[in-house]
Amino acid sequence: MRTLQVHFGHRPQPDQPLAPGMQRIVRDANGQVRLGDDSVGPLLLARICSDERGLWLQVADGIHGIHVNGRPVRHMAQLRAGDAIYIDGIEMLLRGPYEAATVLPPGEGEEVEDLFVLLRGIAGRHHGRCYALDRPRTIGRDRAADVVIDDPAFPERHARLERHGGRVLLRDLDSPEGCLVNGHRVRHCWLRGGDQVVFDGNQRFVLEEPLHAVAVAAPAPPAVAEEPGDTPGQGPRRRPRRWPWLLLSALLLGAAISLLLLFGAR
């Protein structure tokens, strides 16, 4: 599982790592929201549970007004790197690792036949839509873009996703502020499966890649032992078929029972 940190937006608090297990989100008596301990004093707002299965947010009983990526959460929500938790007007951004692209490859990317590497919308105008990265995909307000964000404040050509030798590059196209990748402000970045990309506030996408199949050698068929009388090198002799005799015996037995029932009834 990736190492995640909690970044408090607009608050002078250092980033705090998310350790495996359960961590509490509490509110102190002075109204400060923070990651707490097991003390009884602060009011419990929610818990963040982290284990090998993933990351989850559990809202405490009687607590309202908690949102993840702008959506209200009443009981439980699954989390990933790049998600934003809003509690009492405080933004808690989950930051994960990313790989910045310091040296950009030439060209605009490759066209491939792989249709299983996808850009899937998880929030915003393209929620639920998928775009196969079998060719370069442009994101922008321009109608000629592959992923159109119909917003007057959105750049005409914001970014482009490209395939280079099996890798996915997020290339910034001179946008005003870049975008967020796993909670970090970036411009050019190499993406991998599970990375979350956020454009202009809440236009959220996640990169999906198939799991690499592990080649497993098929076991060799078991050797057939030769029995006495088999000719070496010719394989075992064919055994006589017995099922016709069994079928004939069953028919004769059935006929005998029928006759017995017929004459016995008289």
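**View A. Leu253 has its place in helix α1 (residues 243–265) of this predicted model.** Helices are DSSP runs of H or I with at least four residues, strands are E runs of at least two, and both are numbered from the N terminus. Leu253 is exposed, at 54% relative accessibility. Exposed means over 50% relative accessible area, buried means under 20%, and partly exposed lies in between (1.4 Å probe, protein chains only). Together with Ile257 and Leu261, Leu253 makes a nonpolar surface patch of about 320 Å². Patch residues have over 30% relative accessible area and no salt bridge; like charges are joined within 9 Å, and nonpolar side chains (Val, Leu, Ile, Met, Phe, Trp, Tyr) within 5 Å. A salt bridge puts a side-chain nitrogen of Lys or Arg within 4 Å of a carboxyl oxygen of Asp or Glu.

Two notes apply to every view. Because this is a predicted model, local features need pLDDT of at least 70 and side-chain atom pairs count only at pLDDT 80 or more, while totals for chains, interfaces and linings use all residues. Residues are numbered from 1 along each chain as its sequence is written, and side-chain values use heavy atoms, with hydrogens and water left out.

**View B. The whole chain holds 1 helix and 23 strands.** Of its 266 residues, 39% count as buried. The chain exposes about 16700 Å², and carbon and sulfur atoms supply 56% of that area. Accessible areas come from the Shrake-Rupley method with a 1.4 Å probe; for residues, only the protein chains shown count as cover. Among contacts with a separation of 6 or more, 41% come from residues 24 or more positions apart. Contact means heavy atoms within 4.5 Å.

**View C. An open sheet of 6 strands runs in the order β2-β1-β11-β10-β7-β8, with antiparallel pairing.** Its edge strands are β2 (16–17) and β8, each pairing on one side only. Two strands pair if DSSP finds at least two bridges between them. Strand β1 (residues 5–9) meets strand β11 (residues 90–95) over 5 antiparallel bridges. The pairing of β1 with β2 is also antiparallel, over 2 bridges. Gln5 stands opposite Arg95 in β11 and opposite Pro17 in β2. The β1 and β2 strands form a hairpin with 6 residues between them. In that turn, His10 has a positive phi of about 60 degrees.

**View D. Ile87 is found in strand β10 (residues 84–87).** Is Ile87 buried or exposed? Ile87 is buried, at 2% relative accessibility. Leaving aside neighbours within four places in sequence, Ile87 is in contact with Ile25, Val33, Leu45, Ile66 and Met92. The C-alpha atoms of Ile87 and His67 are 6.9 Å apart, across 20 residues of sequence. His67 has Pro72 in β8 as its bridge partner. The antiparallel strands β7 and β8 are joined by 2 bridges.

**View E. Asn69 lies in the loop between β7 (67–68) and β8 (71–72).** Its phi is near 55 degrees, a positive value in a residue other than glycine. Most residues other than glycine have a negative phi. Asn69 is buried, with a relative accessible area of 12%.

**View F. Asn182 occupies the loop between β19 (179–181) and β20 (184–186).** Asn182 is a residue other than glycine, and its phi is positive, near 55 degrees. Its relative accessibility is 0%, so Asn182 counts as buried.

View G. Strand β21 (residues 189–191) and β12 pair in the antiparallel sense over 2 bridges. Glu99 has Trp190 in β21 as its bridge partner.

**View H. His158 sits in the loop between β16 (147–148) and β17 (159–164).** His158 is buried, with a relative accessible area of 4%.
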